[in-house]
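Open the model in your viewer and keep the selection panel at hand. The stops below run from a residue pair to a whole chain, then on to a second chain.

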Amino acid sequence: MNTVGRPTAPNAVTAKPATLTGARGLLQDEHLIFESDGWGKTGVDLPEPTTDGSDLGDLVRRDPIGLPGLSEPETMRHYVRLSQKNHAIDLAIYPLGSCTMKHNPRLNEKMARLPGFSDIHPLQPISTVQGALELMDTLSHWLKTLTGMPAVALSPKAGAHGELCGLMAIRAAHEASGEHVRRRKVLVPTSAHGTNPATAAFVGYTVVEVAQTDDGRVDVADLASKLGDDVAAIMVTNPNTCGLFERDILEISRLTHEAGAYFYCDGANFNAIVGRVRPGDLGVDAMHINLHKTFSTPHGGGGPGAGPVVLSAALAPFAPAPWVVHGDNGYSLIEREEGDAAQAFGRLCAFQGQMGMYTRALSYMMSHGSDGLRQVAEDAVLNANYIKARLGDLMSPAFPDGPCMHEALFDDEWLKGTDITTLDFAKAMIDEGFHPMTMYFPLVVHGAMLIEPTETESKQELDRFIHAMRLLAQAAKAGDVDRFKGAPFHAPLKRLDETRAARSPVLRWTAPQGTNIAAE
Amino acid sequence: MRYLPLTPDDRTAMLSAIGVKSIDDLFVDVPGPAQRDGFVDLPRVAGEMEVERALSKMAGRNVAAGSVPFFCGAGAYKHHVPATVDHVIQRSEFLTSYTPYQPEIAQGTLQYLYEFQTQVANLTGMPVANASLYDGSTAMAEGVLMATRVTRRNKAIISGGVHPHYVRATETVVHAVGVETQALTAAIDAEAAVIDAIDKDTACVVVQTPNVFGTATDVTKIAEAAHAAGALLIVVVTEAVSMGLLKSPGEMGADIVAAEGQSIGNALNYGGPYVGLFATRDKLVRQMPGRLTGETVDADGERGFVLTLSTREQHIRRDKATSNICTNSGLCTLAFTIHMSLLGETGLRKLALLNHEKALATRDALAAIPGVEILTPRFFNEFAVRLPKNAAEVVSTLADHHVLAGVPYSRLAPDAGMDDVLLVAATETTMDVDIQILAKSLTKVLGA
């Protein structure tokens with residue numbers, strides 16, 4: 001048993017009297033900027049303008065806008081104080097399953113900030129952005145090689161945007177062959193991310209669910225029974241959201257292609273197989289790659305992401321503009337649907353996509369090299385299986401037989417009779433200094449707890465996490481309900497009332513009545 | 001492999017704890033034919049120094065905006081970003097955090113998103129804003145889809161002043177669900193032309209102000225006409241700083257505002273990541289796409305913030321969701337909100353005036369060149385000129401002389417018949433000497 005953790009005296013008296021100010025030591029309360037005294041203040045020194053905008057006549061904005069200003073030191077303090085109320089991967093393991101919170105190398109940040117990348121305009125003459133196009137071309141080469149696919153569309157701005165891109169390419173291919181009128185269904189397993197059915201519906205398809213087997217995989221018989229000449233595509237996540245590799249993937253792709261449909265693979269979990277398995281070898285026609293997940297671009301509190309899509313030869317002609325080509329005169333950009341690009345299905349965003357993420361991802365790829373990326377997948381899978389093995393006796397793995405891939409999935413069977421829910425357990429993890437795992441997803445597993453350690457956790461950190469999880473599990477089983485029901489007790493805030501927020505939404509600050517401050 | 005902490009001994013011990021002999025035993029579910037040994041045509045592990053050298057070399061082949069006289073706009077603008085902004089967004093607790101699914105330990109993110117929503121609402125003059133979308137162009141597409149949901153109508157009328165790439169990005173997405181678009185012919189100053197196109201099927205009219213030619217328009221009358229026909233008005237703004245000087249979309253009657261927020265706090269980045277601002281009226285909030293942060297209390301009654309109204313979203317409603325979006329531009333919203341907090345209302349208004357002032361000075365310098373015609377009647381920081389030569393060729397020649405003179409309109413819309421039109425933008429970063437160099441070199445190129 002590993003007992004690595006914070007050294008504390010077990011018998012210390014820990015009763016804490018309330019503080020006089022409400023502050024908790026270094027943790028300061030921090031009001032909103034709108035509650036500061038910054039009306040009329042600014043933290044930026046700018047020269048005095050010589051014009052007053054009067055040439056614009058009645059187009060000029062006269063009323064107060066309602067924007068407080070802060071001096072530079074006040075700004076720093078405001079945001080540093082806020083930052084101290086956040087968990088982050090740089091603080092500790094962040095075991096959210098299906099979200100892949102791995103180390104974010106600072107070299108990536110440094111590279112993305114080179115003025116030659118960050119300070120260039122999307123519509124500069126092509127002759128002045130040759131290095132940027134070279135970077136996009138190099139990144140494309142890596143993505144195509146790692147996936148074994150002949151083409152890539154870089155521009156989607158997030159994983160879900162990539163799904164949209166892939167399904168629109170599939171739709172365009174069916175339109176080109178005249179089959180779109182007939183093929184109006186997309187098959188999606190019950191365990192899929194919510195974005196999969198949402199995307200299929202968004203592109204105008206009817207979503208048909210495919211059942212799952214008892215061992216957590218796509219039910220091939222059910223899939224086969226639903227495949228027909230009215231199906232446009234299937235969407236399968238592989239490794240899937242139960243953290244398992246779809247063993248029958250070759251059969252799934254064969255059946256799909258036989259039915260004249262395309263195989264869309266949700267590549268959110270590519271980090272589990274990168275360097276060991278090429279999706280192209282599995283018969284995939286389109287797959288988005290969340291650069292932030294597999295290639296370590298930071299999640300930044302929820303975004304921005306980037307979701308390039310690799311495409312099979314059949315779908316490549318339909319890729320959206322723009323894309324990079326290389327000729328005798330260097331690199332150029334195909335920006336329109338004409339000539340060789342006449343079949344492109346359109347354009348997904350104003351410019352070239354998430355250049356800042358391309359830089360970070362390429363920096364990560366080059367740092368690892370092809371050999372290192374293979375090690376990435378192996379360590380991610382090893383870490384997840386280690387957690388599954390070390391917690392499997394106390395908690396109930398959803399699929400105990402055989403290895404998992406990069407994430408370990410438990411259900412709430414082991415909490416039966418304790419009056420403690422998955423949510424309670426997760427909140428108690430906060431008190432022990434950990435970010436909770438993903439809860440209640442995938443939906444096909446009751447009270448799901450999905451843990452993804454990633455490859456950048458050391459054995460020591462894993463052991464620290466396992467130690468805490470075991471203590472918590474034992475406490476739950478021992479009937480220590482109070483530890484869980486009101487948790488967290490040691491976070492910046494106690495349990496938040498989410499129902500109240502949704503029932504009567506307050507989505508912005510407004511000035512208290514009777515004050516003079518314009519808010520709208 | 002400096003990012004991988006496991007040692008060979010760790011791996012051996014862990015395999016043993018799992019009860020398998022080798023790592024291959026953990027990949028048994030992968031069919032044999034799909035297992036690969038490695039990739040010979042990709043480089044192997046590289047140290048920090050090597051990566052830095054390779055990428056710096058690529059960066060060096062680009063001409064950075066700050067290194068030359070620079071006048072490109074058309075939806076992306078070079079502004080000065082205070083050093084504080086980039087410092088704060090690189091703090092670990094912001095940079096390396098995730099979507100605030102556990103609000104008790106994500107109040108930092110949730111509070112800044114709430115502040116961002118308030119700033120965007122006030123800036124656009126609208127009652128509510130979301131926590132951002134991918135960028136301005138995707139926000140416009142989402143706006144059109146939202147308008148069709150709200151009105152249960154199926155057609156969008158798009159002004160000829162809307163950025164052609166925004167139009168194309170919108171058409172691409174909305175046509176897939178059967179929404180019709182009617183994009184009017186490109187014109188420098190013809191926003192009001194959309195009024196004549198409104199009919200009983202019109203879900204929304206989309207106008208941009210300042211438009212892609214820089215023309216600033218009071219769209220109040222367009223709003224009235226749209227509302228009279230039961231349609232919504234979507235106002236697109238590609239230069240967020242303009243709202244510091246010009247009447248807000250809300251003041252002019254917008255129902256939905258889809259704007260690009262890159263100008264505040266975010267670098268040019270060759271087109272991304274940017275930050276889509278999206279605001280609307282209170283009664284439409286449940287049809288709004290994207291994330292929302294709301295105020296609530298914790299178990300002790302302390303104020304706190306959570307992600308809310310998620311019942312519109314894909315993880316709850318799946319194929320019935322309002323949109324398939326499951327992220328926002330988190331870190332870009334943070335950059336926006338920090339820069340905006342530094343500026344405050346005083347700073348923003350001053351910044352906007354400085355932009356306007358530099359653009360006026362640039363216009364005056366170009367107007368003095370024989371053969372150059374100023375086309376845009378009223379503008380904020382960008383305007384269109386007609387040149388006596390092909391604008392793309394002029395821009396290319398000037399680029400060879402280290403001047404980035406602007407964006408030829410033909411780059412955005414080659415078929416519009418405006419090959420001689422050049423879009424010129426100036427910002428607070430434009431120096432008087434830059435304007436002189438532009439005027440001098442343009443005179444030279446045109447005079448040849």
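Now widen the selection to strand 8 (residues 323-327) and strand 9 (residues 330-334) of chain A, which pair in the antiparallel sense over five bridges. Strands pair here if DSSP finds at least two bridges between them. A hairpin of two residues joins strand 8 of chain A to strand 9 of chain A. In a regular strand the side chains alternate between the two faces of the sheet.

This is a predicted model: local features need pLDDT of at least 70, side-chain atom pairs count only at pLDDT 80 or more, and totals for chains, interfaces and linings use all residues. Residues are numbered from 1 along each chain as its sequence is written, chains are lettered from A and ligands numbered from 1 in the order in which they are written, and side-chain values use heavy atoms, with hydrogens and water left out.

Next, show chain A whole. Its secondary structure comes to 14 helices and 13 strands; these are DSSP runs numbered from the N terminus, helices being H or I with at least four residues and strands E with at least two. The C-alpha trace of chain A spans about 75 × 75 × 45 Å along its principal axes. Of the 520 residues of chain A, 65% count as buried (under 20% relative accessible area; exposed is over 50%, partly exposed in between; 1.4 Å probe, protein chains only).

Move to chain B and select B:Ala299. B:Ala299 lies in the loop between strand 8 (293-297) and strand 9 (303-307) of chain B. Is B:Ala299 buried or exposed? B:Ala299 counts as exposed, because its relative accessibility is 59%. Leaving out residues up to four places away in sequence, B:Ala299 touches A:Lys494 and A:Arg495; contact means heavy atoms within 4.5 Å.

Last stop: the open sheet of chain B. Four strands form this sheet in the order 10-11-13-12, with antiparallel pairing. Strand 10 (373-374) and strand 12 (407-408) of chain B are the edge strands, each pairing on one side only. Strand 10 of chain B pairs with strand 11 (residues 382-386) of chain B over two bridges, in the antiparallel sense. Pick B:Glu373: its bridge partner in strand 11 of chain B is B:Arg386.
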